[in-house]
Amino acid sequence: MNMRIPILKLHDCLLVSIQWELDDQTALQFQEDLLHKIHETSARGVVIDFTSIDFIDSFIAKVLGDVISMSKLMGAKVVITGIQPAVAITLIELGIRLEEVMTALDLEKGLEKLQRELGD
Amino acid sequence: MMDSSVKIINEWDIVAARQLGRNVAKELGFGTVDQARITTAISELARNIYLYAGQGEIMIEKVESGTKKGMTIISRDEGPGIPDLRKVMEDGFSTSGGLGAGLPGVKRLMDEFSIESTPGKGTFIQSVKWLR
């Protein structure tokens, strides 16, 4: 049941919407897929939307933090969007701080933020 | 009273344990934030078993105490055990390079938390979340 997360290209950005609960393998596969896609498309920005996700544990948070740093190394900026209140509360209580990560309330605001960051 | 458990042997069992936990939490009437806390706590405990003990078990029980209702999560393994419990209960302590936010995080997510560990014998963690 290893599923791939679709990564869509929109101009010079990539759009990802996480639609189901992530298991370890899917999360790691996504990490690799996203970096390849950035390389392939020369994308300068990425928005990852978590609207449908109702919890993030330390493993997923680590994979997420890592893929953001890796994307940065490749010259792409990442914005995280759609973090639910319950997810924000549990992440902080768990002791996980994604402090240097760009975030926005929803996909629309995330794309706007990215456009501003990229100076278009 | 329905009790259930999931054996933790591989990564998929972590997913199975947290799904079971989430379902029980929903049934009991926990709100979305507490459901997320419970699901996350189970995920961390199951991952600790997988990473440090190799295998073990997550047990989920509904509990009642007087007028209070809640849910108990038990994590049990026969792994190497934890030599210094005080140290693992310190924030930021990890032996696996940042994987697993560790037990202090689980303790904060739950209402009650107790741990017993015997080096060479295994670890037993019991935690409770009460319905408010």
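## Fold of chain A

Helix α4 (residues 107-118) of chain A lies across β2 (13-17), β3, β4 and β5 of chain A. Its direction is about 160 degrees to β4(A). Axes are lines fitted to C-alpha atoms, for helices over the stretch in contact, and angles run from 0 to 180 degrees between N-to-C directions. Contact means C-beta atoms, placed from the backbone, within 7 Å.

This is a predicted model: local features need pLDDT of at least 70, side-chain atom pairs count only at pLDDT 80 or more, and totals for chains, interfaces and linings use all residues. Residues are numbered from 1 along each chain as its sequence is written, and chains are lettered from A and ligands numbered from 1 in the order in which they are written.

Chain A holds four helices and five strands. Helices (H or I, at least four residues) and strands (E, at least two) are DSSP runs, numbered from the N terminus. Their order is β-β-α-β-α-β-α-β-α from the N terminus. The radius of gyration, taken over C-alpha atoms, is listed below.

| Property of chain A | Value |
|---|---|
| Radius of gyration | 13 Å |
| C-alpha spans along the principal axes | about 35 × 30 × 25 Å |

The five strands form an open, mixed sheet in the order β1-β2-β3-β4-β5 (chain A). Two strands pair if DSSP finds at least two bridges between them. The edges are β1 (7-10) and β5 (102-104) of chain A. Neighbouring strands are turned by 25 degrees against each other on average, direction ignored.

β3 (residues 45-49) and β4 (residues 77-81) of chain A pair in the parallel sense over five bridges. I48(A) stands opposite I80(A) in β4(A).

Technical notes:
Two residues are in contact if their C-beta atoms, placed from the backbone, lie within 7 Å. The radius of gyration is taken over C-alpha atoms; the globule rule is 2.2 Å times the number of residues to the power 0.38.
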